[in-house]
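Reader: Could you take me through the sheet in this model?

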Amino acid sequence: MSLVIDDGLVPRRRGWRGLPVPLRRAIQLSLILAGWQLYVQTSDVNPLIFPPPGDVFSALWRGWSSGALAGATWTTLKLLGISLLIGVVMALIFTVLARVNSFVDDAVELATSMLNPLPSVAMLPIAIIWFGLNVNSLIFVVVNAVVWPVTLNISTGFRTANQTLVNVGRVLGLSWWRMVTDVLFPAALPYTMTGLKTGLGYGWRTIIAAELVFGISGSKSGLGNYLNDARYFLRTDEVFAGIISVAVIGIILEAGFNWIERRTIVRWGMKQATATIDD
Amino acid sequence: MHAAEAPIDHSRATPMLDVVGLSLGYKTPAGMSVAVRDVSFSVRRGETAILLGPSGCGKSTILKSVAGFIKPLQGAVTVANRKVDKPGPDRAVVFQEFDQLFPWRTVLDNVAYPLRATGKATRAEAQDRANLWLGVMRLEAAAHKFPHQLSGGMKQRVAIARALALEPAVLLMDEPFGALDPQTRLRLQLEVIEVVKRTAATVLFVTHSIAEAALVGHDIIILDGSPSSVASIVDARSVCDPASQEALEVGRQVAQSMGQEASHVIGD
(Lines give C-alpha, C1' and ligand atoms only; values in the text may rest on other atoms or scores of the structure.)
Protein backbone atom coordinates (compact mmCIF):
# COMPACT_ATOMS: atom_id res chain seq x y z
CA MET A 1 0.00 0.00 0.00
CA SER A 2 2.95 2.28 0.36
CA LEU A 3 4.42 4.22 -2.50
CA VAL A 4 8.06 3.30 -2.67
CA ILE A 5 10.29 5.74 -4.51
CA ASP A 6 13.95 4.84 -4.63
CA ASP A 7 15.59 8.04 -5.77
CA GLY A 8 18.82 7.34 -3.94
CA LEU A 9 18.14 10.21 -1.55
CA VAL A 10 16.89 8.01 1.25
CA PRO A 11 19.70 5.87 2.64
CA ARG A 12 18.92 2.16 2.40
CA ARG A 13 17.82 0.82 5.75
CA ARG A 14 19.47 -2.17 7.32
CA GLY A 15 18.10 -4.74 9.72
CA TRP A 16 14.36 -5.04 10.35
CA ARG A 17 13.45 -1.86 8.47
CA GLY A 18 15.43 -3.06 5.48
CA LEU A 19 13.08 -6.03 4.98
CA PRO A 20 10.20 -5.68 2.55
CA VAL A 21 6.87 -4.75 4.14
CA PRO A 22 4.91 -7.93 3.27
CA LEU A 23 7.66 -10.05 4.80
CA ARG A 24 7.66 -7.97 7.98
CA ARG A 25 3.89 -8.28 8.24
CA ALA A 26 4.06 -12.05 7.64
CA ILE A 27 6.74 -12.53 10.30
CA GLN A 28 4.79 -10.57 12.89
CA LEU A 29 1.55 -12.40 12.12
CA SER A 30 3.32 -15.76 12.41
CA LEU A 31 4.75 -14.73 15.79
CA ILE A 32 1.25 -13.88 17.04
CA LEU A 33 -0.10 -17.21 15.80
CA ALA A 34 2.82 -19.13 17.31
CA GLY A 35 2.36 -17.40 20.68
CA TRP A 36 -1.36 -18.13 20.56
CA GLN A 37 -0.77 -21.83 19.79
CA LEU A 38 1.90 -22.05 22.48
CA TYR A 39 -0.40 -20.49 25.09
CA VAL A 40 -3.29 -22.84 24.32
CA GLN A 41 -0.99 -25.90 24.44
CA THR A 42 1.06 -25.08 27.54
CA SER A 43 -1.73 -23.66 29.71
CA ASP A 44 -4.74 -25.78 30.55
CA VAL A 45 -7.19 -23.18 29.21
CA ASN A 46 -10.47 -24.68 28.04
CA PRO A 47 -10.57 -24.68 24.20
CA LEU A 48 -14.25 -23.78 24.53
CA ILE A 49 -13.13 -20.46 26.04
CA PHE A 50 -9.94 -19.94 24.05
CA PRO A 51 -9.72 -22.13 20.94
CA PRO A 52 -6.35 -22.80 19.25
CA PRO A 53 -5.66 -21.00 15.93
CA GLY A 54 -6.26 -24.21 13.98
CA ASP A 55 -9.86 -24.44 15.23
CA VAL A 56 -10.45 -20.79 14.38
CA PHE A 57 -9.13 -21.27 10.86
CA SER A 58 -11.28 -24.29 10.26
CA ALA A 59 -14.27 -22.32 11.61
CA LEU A 60 -13.35 -19.51 9.19
CA TRP A 61 -13.10 -22.04 6.36
CA ARG A 62 -16.40 -23.70 7.33
CA GLY A 63 -18.12 -20.35 7.68
CA TRP A 64 -16.98 -19.00 4.32
CA SER A 65 -17.37 -22.26 2.36
CA SER A 66 -20.81 -23.05 3.79
CA GLY A 67 -21.93 -19.54 3.01
CA ALA A 68 -22.97 -18.72 6.58
CA LEU A 69 -20.22 -16.13 7.09
CA ALA A 70 -20.32 -14.99 3.47
CA GLY A 71 -24.09 -14.50 3.69
CA ALA A 72 -23.83 -12.60 6.96
CA THR A 73 -21.05 -10.42 5.53
CA TRP A 74 -23.07 -9.70 2.39
CA THR A 75 -26.14 -8.72 4.44
CA THR A 76 -24.09 -6.35 6.60
CA LEU A 77 -22.19 -4.82 3.68
CA LYS A 78 -25.42 -4.28 1.76
CA LEU A 79 -26.92 -2.43 4.73
CA LEU A 80 -23.72 -0.44 5.12
CA GLY A 81 -23.72 0.44 1.40
CA ILE A 82 -27.34 1.62 1.47
CA SER A 83 -26.74 3.69 4.60
CA LEU A 84 -23.51 5.14 3.23
CA LEU A 85 -25.29 6.18 0.05
CA ILE A 86 -28.17 7.81 1.94
CA GLY A 87 -25.73 9.48 4.34
CA VAL A 88 -23.51 10.89 1.58
CA VAL A 89 -26.46 12.16 -0.47
CA MET A 90 -27.86 13.85 2.66
CA ALA A 91 -24.46 15.36 3.44
CA LEU A 92 -24.18 16.72 -0.11
CA ILE A 93 -27.66 18.24 0.08
CA PHE A 94 -26.87 19.81 3.46
CA THR A 95 -23.59 21.34 2.34
CA VAL A 96 -24.96 22.69 -0.94
CA LEU A 97 -28.01 24.18 0.79
CA ALA A 98 -25.76 25.63 3.50
CA ARG A 99 -23.76 27.32 0.75
CA VAL A 100 -26.90 29.00 -0.62
CA ASN A 101 -28.69 29.97 2.59
CA SER A 102 -27.08 31.25 5.78
CA PHE A 103 -29.97 30.03 7.96
CA VAL A 104 -29.42 26.49 6.71
CA ASP A 105 -25.68 27.00 7.14
CA ASP A 106 -26.17 27.77 10.84
CA ALA A 107 -28.64 24.93 11.32
CA VAL A 108 -26.30 22.39 9.69
CA GLU A 109 -23.39 23.61 11.79
CA LEU A 110 -25.48 23.28 14.98
CA ALA A 111 -26.69 19.78 14.04
CA THR A 112 -23.18 18.69 13.12
CA SER A 113 -21.59 19.95 16.31
CA MET A 114 -24.29 18.24 18.42
CA LEU A 115 -24.62 14.95 16.59
CA ASN A 116 -21.08 14.30 15.32
CA PRO A 117 -19.60 13.57 18.77
CA LEU A 118 -22.57 11.34 19.68
CA PRO A 119 -21.81 7.62 19.32
CA SER A 120 -24.65 6.76 16.99
CA VAL A 121 -25.42 3.38 18.62
CA ALA A 122 -26.84 5.59 21.34
CA MET A 123 -29.62 6.35 18.84
CA LEU A 124 -30.57 2.65 18.60
CA PRO A 125 -33.18 2.60 21.41
CA ILE A 126 -35.04 5.57 19.93
CA ALA A 127 -34.69 4.07 16.46
CA ILE A 128 -36.29 0.84 17.70
CA ILE A 129 -39.15 2.80 19.28
CA TRP A 130 -39.72 4.72 16.03
CA PHE A 131 -39.13 2.02 13.43
CA GLY A 132 -39.47 -1.25 15.34
CA LEU A 133 -37.13 -4.23 15.35
CA ASN A 134 -36.29 -4.19 11.68
CA VAL A 135 -33.77 -3.16 9.10
CA ASN A 136 -34.99 0.47 9.07
CA SER A 137 -33.73 0.96 12.62
CA LEU A 138 -30.29 -0.27 11.58
CA ILE A 139 -30.22 2.01 8.54
CA PHE A 140 -31.30 4.94 10.71
CA VAL A 141 -28.42 4.58 13.16
CA VAL A 142 -25.83 3.90 10.47
CA VAL A 143 -26.95 6.89 8.38
CA ASN A 144 -26.57 8.90 11.57
CA ALA A 145 -23.03 7.62 11.96
CA VAL A 146 -22.15 8.53 8.37
CA VAL A 147 -23.90 11.80 7.64
CA TRP A 148 -22.34 14.09 10.28
CA PRO A 149 -18.63 13.45 9.76
CA VAL A 150 -19.14 13.61 5.99
CA THR A 151 -21.10 16.87 6.23
CA LEU A 152 -18.55 18.36 8.60
CA ASN A 153 -15.66 17.56 6.28
CA ILE A 154 -17.26 18.62 2.99
CA SER A 155 -18.39 21.94 4.45
CA THR A 156 -14.91 22.53 5.90
CA GLY A 157 -13.54 21.76 2.43
CA PHE A 158 -15.95 24.26 0.87
CA ARG A 159 -15.08 26.93 3.42
CA THR A 160 -11.32 26.51 3.05
CA ALA A 161 -11.32 26.19 -0.75
CA ASN A 162 -8.49 28.16 -2.31
CA GLN A 163 -9.80 31.71 -2.85
CA THR A 164 -7.70 32.20 -6.00
CA LEU A 165 -9.46 29.25 -7.65
CA VAL A 166 -12.84 30.66 -6.61
CA ASN A 167 -11.80 33.99 -8.16
CA VAL A 168 -10.84 32.21 -11.38
CA GLY A 169 -14.36 30.74 -11.35
CA ARG A 170 -15.82 34.23 -10.86
CA VAL A 171 -13.80 35.59 -13.79
CA LEU A 172 -15.31 32.83 -15.92
CA GLY A 173 -18.75 33.95 -14.75
CA LEU A 174 -19.67 30.48 -13.46
CA SER A 175 -23.20 30.04 -12.13
CA TRP A 176 -23.39 29.13 -8.42
CA TRP A 177 -24.17 25.55 -9.37
CA ARG A 178 -21.16 25.21 -11.67
CA MET A 179 -19.04 26.92 -9.03
CA VAL A 180 -20.09 24.12 -6.66
CA THR A 181 -19.64 21.23 -9.11
CA ASP A 182 -16.59 22.48 -11.02
CA VAL A 183 -14.59 24.41 -8.41
CA LEU A 184 -15.69 23.94 -4.80
CA PHE A 185 -16.43 20.23 -4.89
CA PRO A 186 -13.15 19.14 -6.50
CA ALA A 187 -11.24 21.63 -4.34
CA ALA A 188 -12.88 20.08 -1.27
CA LEU A 189 -12.14 16.52 -2.38
CA PRO A 190 -9.29 15.89 0.09
CA TYR A 191 -11.66 16.82 2.93
CA THR A 192 -14.48 14.82 1.38
CA MET A 193 -12.30 11.71 1.22
CA THR A 194 -11.32 12.16 4.87
CA GLY A 195 -15.00 12.56 5.72
CA LEU A 196 -15.96 9.45 3.76
CA LYS A 197 -13.23 7.39 5.43
CA THR A 198 -14.30 8.60 8.87
CA GLY A 199 -17.97 8.06 8.00
CA LEU A 200 -17.28 4.58 6.71
CA GLY A 201 -15.29 3.74 9.84
CA TYR A 202 -18.05 5.04 12.12
CA GLY A 203 -20.69 3.27 10.02
CA TRP A 204 -18.83 -0.04 10.10
CA ARG A 205 -18.42 0.08 13.89
CA THR A 206 -22.02 1.17 14.37
CA ILE A 207 -23.58 -1.50 12.19
CA ILE A 208 -21.70 -4.33 13.92
CA ALA A 209 -22.60 -2.93 17.34
CA ALA A 210 -26.24 -2.39 16.37
CA GLU A 211 -26.54 -5.92 14.99
CA LEU A 212 -25.03 -7.30 18.19
CA VAL A 213 -27.60 -5.49 20.30
CA PHE A 214 -30.36 -6.40 17.89
CA GLY A 215 -29.80 -10.13 18.05
CA ILE A 216 -31.63 -12.17 15.46
CA SER A 217 -34.03 -10.30 13.23
CA GLY A 218 -35.86 -11.80 10.31
CA SER A 219 -34.48 -14.49 8.08
CA LYS A 220 -31.33 -12.68 7.00
CA SER A 221 -28.83 -11.82 9.68
CA GLY A 222 -25.60 -9.90 9.45
CA LEU A 223 -22.12 -10.24 10.89
CA GLY A 224 -23.14 -8.87 14.29
CA ASN A 225 -25.89 -11.47 14.50
CA TYR A 226 -23.42 -14.15 13.45
CA LEU A 227 -21.14 -13.15 16.35
CA ASN A 228 -24.05 -13.08 18.76
CA ASP A 229 -25.34 -16.50 17.65
CA ALA A 230 -21.89 -18.03 17.99
CA ARG A 231 -21.61 -16.64 21.53
CA TYR A 232 -25.09 -17.93 22.41
CA PHE A 233 -24.16 -21.48 21.39
CA LEU A 234 -20.66 -21.14 22.88
CA ARG A 235 -19.00 -21.73 19.51
CA THR A 236 -15.99 -19.70 20.50
CA ASP A 237 -14.03 -20.63 17.35
CA GLU A 238 -16.82 -19.09 15.31
CA VAL A 239 -16.76 -15.96 17.48
CA PHE A 240 -13.08 -15.61 16.64
CA ALA A 241 -13.77 -16.33 12.97
CA GLY A 242 -16.42 -13.57 12.99
CA ILE A 243 -14.07 -11.06 14.64
CA ILE A 244 -11.34 -11.80 12.11
CA SER A 245 -13.82 -11.38 9.24
CA VAL A 246 -14.99 -8.03 10.65
CA ALA A 247 -11.38 -6.83 10.98
CA VAL A 248 -10.34 -7.99 7.51
CA ILE A 249 -13.36 -6.37 5.85
CA GLY A 250 -12.58 -3.12 7.68
CA ILE A 251 -9.05 -3.26 6.29
CA ILE A 252 -10.31 -4.00 2.76
CA LEU A 253 -12.75 -1.07 2.85
CA GLU A 254 -9.97 1.27 4.01
CA ALA A 255 -7.68 -0.05 1.28
CA GLY A 256 -10.40 0.62 -1.30
CA PHE A 257 -10.54 4.25 -0.23
CA ASN A 258 -6.77 4.60 -0.33
CA TRP A 259 -6.88 3.17 -3.87
CA ILE A 260 -9.40 5.84 -4.90
CA GLU A 261 -7.28 8.54 -3.24
CA ARG A 262 -4.17 7.49 -5.14
CA ARG A 263 -6.07 7.82 -8.44
CA THR A 264 -7.48 11.24 -7.59
CA ILE A 265 -6.16 13.62 -4.99
CA VAL A 266 -2.70 12.05 -4.71
CA ARG A 267 -2.35 12.01 -8.50
CA TRP A 268 -3.35 15.69 -8.61
CA GLY A 269 -0.86 16.66 -5.92
CA MET A 270 -3.66 17.69 -3.56
CA LYS A 271 -2.59 15.13 -0.96
CA GLN A 272 0.65 13.33 -0.20
CA ALA A 273 0.68 9.58 -0.72
CA THR A 274 -0.59 7.79 2.36
CA ALA A 275 2.30 7.32 4.71
CA THR A 276 2.31 3.79 6.05
CA ILE A 277 3.89 2.71 9.29
CA ASP A 278 7.00 1.55 7.45
CA ASP A 279 8.01 5.05 6.39
CA MET B 1 -3.97 32.26 -35.84
CA HIS B 2 -7.20 32.78 -34.02
CA ALA B 3 -6.28 35.71 -31.85
CA ALA B 4 -4.41 37.59 -34.56
CA GLU B 5 -7.71 38.55 -36.18
CA ALA B 6 -9.26 39.48 -32.84
CA PRO B 7 -12.79 40.41 -33.90
CA ILE B 8 -13.27 43.27 -31.45
CA ASP B 9 -14.52 46.12 -33.58
CA HIS B 10 -13.44 49.26 -31.82
CA SER B 11 -11.45 51.92 -33.54
CA ARG B 12 -8.01 52.73 -32.25
CA ALA B 13 -9.16 56.14 -31.09
CA THR B 14 -11.42 54.85 -28.34
CA PRO B 15 -9.53 53.28 -25.49
CA MET B 16 -10.12 49.61 -24.75
CA LEU B 17 -9.95 50.26 -21.02
CA ASP B 18 -11.05 53.52 -19.50
CA VAL B 19 -10.72 54.28 -15.80
CA VAL B 20 -12.31 57.57 -14.76
CA GLY B 21 -12.13 59.19 -11.32
CA LEU B 22 -11.76 55.85 -9.58
CA SER B 23 -11.75 55.89 -5.77
CA LEU B 24 -11.48 52.65 -3.83
CA GLY B 25 -11.64 51.86 -0.16
CA TYR B 26 -13.18 49.73 2.50
CA LYS B 27 -15.32 50.21 5.57
CA THR B 28 -13.64 50.15 8.95
CA PRO B 29 -15.24 50.53 12.39
CA ALA B 30 -13.90 54.10 12.41
CA GLY B 31 -15.48 54.93 9.05
CA MET B 32 -14.38 54.85 5.44
CA SER B 33 -10.75 54.09 4.69
CA VAL B 34 -9.81 55.33 1.25
CA ALA B 35 -6.92 53.44 -0.40
CA VAL B 36 -7.08 54.87 -3.92
CA ARG B 37 -8.26 58.40 -4.73
CA ASP B 38 -9.44 59.79 -8.06
CA VAL B 39 -7.36 57.63 -10.40
CA SER B 40 -7.90 58.10 -14.13
CA PHE B 41 -6.09 56.49 -17.01
CA SER B 42 -6.86 54.67 -20.21
CA VAL B 43 -5.27 51.89 -22.21
CA ARG B 44 -5.45 51.84 -25.99
CA ARG B 45 -6.20 48.71 -27.90
CA GLY B 46 -3.16 46.51 -28.38
CA GLU B 47 -1.10 48.33 -25.79
CA THR B 48 0.23 47.41 -22.38
CA ALA B 49 -0.18 49.73 -19.44
CA ILE B 50 1.75 49.23 -16.24
CA LEU B 51 0.50 50.11 -12.78
CA LEU B 52 3.71 50.78 -10.88
CA GLY B 53 4.18 51.65 -7.27
CA PRO B 54 5.60 50.47 -3.97
CA SER B 55 4.04 47.55 -2.12
CA GLY B 56 0.73 48.44 -0.52
CA CYS B 57 0.06 51.43 -2.77
CA GLY B 58 -3.22 50.02 -4.01
CA LYS B 59 -2.12 49.03 -7.51
CA SER B 60 -3.47 45.51 -7.08
CA THR B 61 -6.67 46.98 -5.67
CA ILE B 62 -7.12 49.00 -8.86
CA LEU B 63 -6.59 45.86 -10.94
CA LYS B 64 -9.11 43.95 -8.82
CA SER B 65 -11.59 46.74 -9.36
CA VAL B 66 -11.04 46.56 -13.13
CA ALA B 67 -11.55 42.80 -12.85
CA GLY B 68 -14.85 43.49 -11.09
CA PHE B 69 -14.00 42.01 -7.68
CA ILE B 70 -14.16 45.38 -5.91
CA LYS B 71 -16.91 47.95 -6.30
CA PRO B 72 -15.61 51.53 -6.58
CA LEU B 73 -16.59 54.17 -4.04
CA GLN B 74 -16.55 56.68 -6.87
CA GLY B 75 -15.79 56.71 -10.55
CA ALA B 76 -16.18 54.03 -13.15
CA VAL B 77 -14.30 51.43 -15.16
CA THR B 78 -15.27 50.93 -18.79
CA VAL B 79 -13.98 48.06 -20.90
CA ALA B 80 -14.76 48.03 -24.62
CA ASN B 81 -17.46 50.62 -23.98
CA ARG B 82 -19.19 48.51 -21.34
CA LYS B 83 -19.27 49.56 -17.71
CA VAL B 84 -17.70 46.99 -15.40
CA ASP B 85 -19.96 45.79 -12.58
CA LYS B 86 -18.85 42.21 -11.98
CA PRO B 87 -16.05 39.82 -12.96
CA GLY B 88 -16.21 38.44 -16.48
CA PRO B 89 -14.13 36.54 -19.05
CA ASP B 90 -13.66 39.74 -21.11
CA ARG B 91 -11.20 40.70 -18.36
CA ALA B 92 -9.22 37.48 -17.85
CA VAL B 93 -6.87 37.67 -14.87
CA VAL B 94 -3.42 36.15 -14.38
CA PHE B 95 -2.86 36.11 -10.64
CA GLN B 96 0.45 36.16 -8.82
CA GLU B 97 -0.27 32.88 -7.00
CA PHE B 98 1.07 29.67 -8.52
CA ASP B 99 -2.01 27.78 -7.29
CA GLN B 100 -4.38 29.54 -9.69
CA LEU B 101 -4.54 26.42 -11.92
CA PHE B 102 -7.11 23.73 -11.20
CA PRO B 103 -4.97 20.94 -9.71
CA TRP B 104 -7.42 18.23 -10.84
CA ARG B 105 -7.18 19.21 -14.50
CA THR B 106 -4.31 18.59 -16.87
CA VAL B 107 -2.50 21.58 -18.35
CA LEU B 108 -4.49 21.16 -21.58
CA ASP B 109 -7.78 20.93 -19.72
CA ASN B 110 -6.90 23.96 -17.58
CA VAL B 111 -6.78 25.96 -20.81
CA ALA B 112 -9.72 24.20 -22.50
CA TYR B 113 -12.16 24.20 -19.57
CA PRO B 114 -12.65 28.01 -19.41
CA LEU B 115 -13.51 28.01 -23.13
CA ARG B 116 -16.23 25.40 -22.51
CA ALA B 117 -17.46 26.96 -19.27
CA THR B 118 -17.90 30.37 -20.86
CA GLY B 119 -19.67 28.84 -23.85
CA LYS B 120 -17.01 30.13 -26.24
CA ALA B 121 -16.35 26.71 -27.71
CA THR B 122 -17.63 23.17 -27.87
CA ARG B 123 -15.59 20.41 -26.28
CA ALA B 124 -13.71 19.61 -29.48
CA GLU B 125 -13.12 23.25 -30.43
CA ALA B 126 -11.93 24.05 -26.92
CA GLN B 127 -9.43 21.20 -27.16
CA ASP B 128 -8.09 22.50 -30.47
CA ARG B 129 -7.83 26.09 -29.33
CA ALA B 130 -6.20 25.09 -26.06
CA ASN B 131 -3.58 23.15 -28.01
CA LEU B 132 -3.01 26.21 -30.17
CA TRP B 133 -2.43 28.46 -27.16
CA LEU B 134 -0.20 25.91 -25.46
CA GLY B 135 1.84 26.08 -28.65
CA VAL B 136 2.02 29.87 -28.44
CA MET B 137 3.36 29.63 -24.89
CA ARG B 138 5.61 26.69 -25.88
CA LEU B 139 3.92 24.30 -23.47
CA GLU B 140 3.09 21.44 -25.85
CA ALA B 141 5.29 19.00 -23.97
CA ALA B 142 3.46 19.70 -20.71
CA ALA B 143 -0.07 19.37 -22.13
CA HIS B 144 -0.92 16.17 -20.31
CA LYS B 145 0.82 16.92 -17.03
CA PHE B 146 -0.95 18.02 -13.88
CA PRO B 147 -0.11 21.46 -12.42
CA HIS B 148 1.74 20.05 -9.40
CA GLN B 149 4.27 18.50 -11.78
CA LEU B 150 5.26 21.92 -13.17
CA SER B 151 7.72 24.55 -11.99
CA GLY B 152 6.45 27.95 -10.88
CA GLY B 153 7.42 29.57 -14.18
CA MET B 154 5.62 26.86 -16.18
CA LYS B 155 2.49 27.28 -14.05
CA GLN B 156 2.46 31.01 -14.78
CA ARG B 157 2.88 30.32 -18.49
CA VAL B 158 -0.13 27.98 -18.36
CA ALA B 159 -2.11 30.68 -16.54
CA ILE B 160 -1.14 33.18 -19.26
CA ALA B 161 -2.11 30.71 -22.00
CA ARG B 162 -5.45 30.13 -20.26
CA ALA B 163 -6.13 33.87 -20.01
CA LEU B 164 -5.08 34.59 -23.61
CA ALA B 165 -7.20 31.69 -24.91
CA LEU B 166 -10.27 33.52 -23.63
CA GLU B 167 -9.34 36.36 -25.99
CA PRO B 168 -10.21 38.98 -23.42
CA ALA B 169 -10.80 42.63 -24.26
CA VAL B 170 -8.21 43.39 -21.58
CA LEU B 171 -5.76 40.94 -20.07
CA LEU B 172 -5.16 41.72 -16.39
CA MET B 173 -1.86 40.60 -14.90
CA ASP B 174 -1.35 41.00 -11.17
CA GLU B 175 2.41 40.74 -10.53
CA PRO B 176 2.44 37.46 -12.46
CA PHE B 177 6.20 37.06 -12.14
CA GLY B 178 6.51 38.40 -8.59
CA ALA B 179 7.31 35.01 -7.09
CA LEU B 180 9.78 33.86 -9.76
CA ASP B 181 13.56 33.82 -9.72
CA PRO B 182 15.24 36.63 -11.76
CA GLN B 183 16.32 34.41 -14.69
CA THR B 184 12.90 32.84 -15.16
CA ARG B 185 11.30 36.22 -14.72
CA LEU B 186 13.34 37.84 -17.50
CA ARG B 187 12.67 34.93 -19.84
CA LEU B 188 8.93 35.13 -19.19
CA GLN B 189 8.90 38.92 -19.55
CA LEU B 190 10.44 38.67 -23.01
CA GLU B 191 8.08 35.84 -23.90
CA VAL B 192 5.03 37.81 -22.80
CA ILE B 193 6.14 40.90 -24.72
CA GLU B 194 6.53 38.80 -27.84
CA VAL B 195 3.16 37.03 -27.47
CA VAL B 196 1.31 40.22 -26.56
CA LYS B 197 2.74 41.94 -29.64
CA ARG B 198 1.88 38.98 -31.85
CA THR B 199 -1.71 38.70 -30.60
CA ALA B 200 -2.35 42.45 -30.29
CA ALA B 201 -3.68 41.90 -26.76
CA THR B 202 -4.53 44.85 -24.54
CA VAL B 203 -2.89 44.42 -21.14
CA LEU B 204 -3.02 46.00 -17.72
CA PHE B 205 0.02 44.83 -15.80
CA VAL B 206 0.74 45.40 -12.11
CA THR B 207 4.30 45.36 -10.82
CA HIS B 208 6.57 46.97 -8.27
CA SER B 209 9.67 46.45 -10.43
CA ILE B 210 10.81 49.51 -12.39
CA ALA B 211 12.88 47.38 -14.75
CA GLU B 212 9.90 45.16 -15.50
CA ALA B 213 7.70 48.21 -16.06
CA ALA B 214 10.17 49.81 -18.48
CA LEU B 215 10.58 46.56 -20.40
CA VAL B 216 6.97 45.37 -20.65
CA GLY B 217 4.92 48.56 -20.80
CA HIS B 218 3.89 51.17 -23.35
CA ASP B 219 2.62 53.52 -20.68
CA ILE B 220 3.83 53.38 -17.11
CA ILE B 221 1.28 54.71 -14.66
CA ILE B 222 3.09 55.62 -11.47
CA LEU B 223 1.09 55.60 -8.28
CA ASP B 224 2.13 57.43 -5.16
CA GLY B 225 0.83 58.88 -1.94
CA SER B 226 -1.61 57.69 0.67
CA PRO B 227 -4.34 57.31 -0.39
CA SER B 228 -2.60 56.76 -3.67
CA SER B 229 -3.25 58.63 -6.88
CA VAL B 230 -1.52 58.87 -10.25
CA ALA B 231 1.80 60.69 -9.79
CA SER B 232 2.72 60.66 -13.47
CA ILE B 233 2.48 58.61 -16.64
CA VAL B 234 5.73 57.80 -18.43
CA ASP B 235 5.85 56.82 -22.09
CA ALA B 236 8.04 53.74 -22.49
CA ARG B 237 7.28 52.97 -26.14
CA SER B 238 10.91 53.54 -27.11
CA VAL B 239 12.19 50.61 -25.01
CA CYS B 240 12.63 47.30 -26.80
CA ASP B 241 15.76 45.91 -25.14
CA PRO B 242 16.29 45.73 -21.37
CA ALA B 243 19.96 46.70 -21.78
CA SER B 244 19.44 49.59 -24.18
CA GLN B 245 20.05 53.29 -23.58
CA GLU B 246 16.31 53.92 -23.91
CA ALA B 247 15.56 51.48 -21.13
CA LEU B 248 17.96 53.29 -18.84
CA GLU B 249 16.46 56.63 -19.76
CA VAL B 250 12.88 55.48 -19.08
CA GLY B 251 14.03 53.83 -15.85
CA ARG B 252 15.63 57.12 -14.80
CA GLN B 253 12.46 59.04 -15.55
CA VAL B 254 10.32 56.57 -13.65
CA ALA B 255 12.68 56.52 -10.70
CA GLN B 256 12.73 60.30 -10.61
CA SER B 257 8.97 60.56 -10.39
CA MET B 258 9.00 57.86 -7.72
CA GLY B 259 11.56 59.88 -5.77
CA GLN B 260 14.27 57.26 -6.03
CA GLU B 261 17.89 57.22 -7.11
CA ALA B 262 18.32 55.98 -10.67
CA SER B 263 21.05 53.63 -9.53
CA HIS B 264 18.42 51.51 -7.81
CA VAL B 265 16.91 50.69 -11.15
CA ILE B 266 19.64 48.53 -12.57
CA GLY B 267 19.60 45.63 -10.21
CA ASP B 268 15.84 45.52 -9.80
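Reader: Which residues of E8(B) are buried on one side and which on the other?
Author: In this predicted model, Val203(B), Phe205(B) and Thr207(B) are buried on one side of E8(B), and Leu204(B) and Val206(B) on the other. Buried means under 20% relative accessible area, exposed over 50% and partly exposed in between, with a 1.4 Å probe and protein chains only. Strands are DSSP runs of E, at least two residues, and helices runs of H or I, at least four, numbered from the N terminus.

Reader: How are residues and chains labelled, and what is counted?
Author: Residues are numbered from 1 along each chain as its sequence is written, and chains are lettered from A and ligands numbered from 1 in the order in which they are written. Local features need pLDDT of at least 70, side-chain atom pairs count only at pLDDT 80 or more, totals for chains, interfaces and linings use all residues, and side-chain values use heavy atoms, leaving out hydrogens and water.

Reader: What is the strand order of the sheet?
Author: The order in chain B is E6-E7-E8-E3-E9-E10, an open sheet of 6 strands with mixed pairing; strands pair if DSSP finds at least two bridges between them. E6 (93-94) and E10 (229-235) of chain B are the edge strands.

Reader: How many bridges join E3(B) to E8(B)?
Author: There are 5, and the two strands run parallel; Thr48(B) has Val203(B) as its bridge partner.

Reader: And E7(B) with E8(B): parallel or antiparallel?
Author: Parallel, over 4 bridges, with Leu172(B) partnered by Leu204(B).
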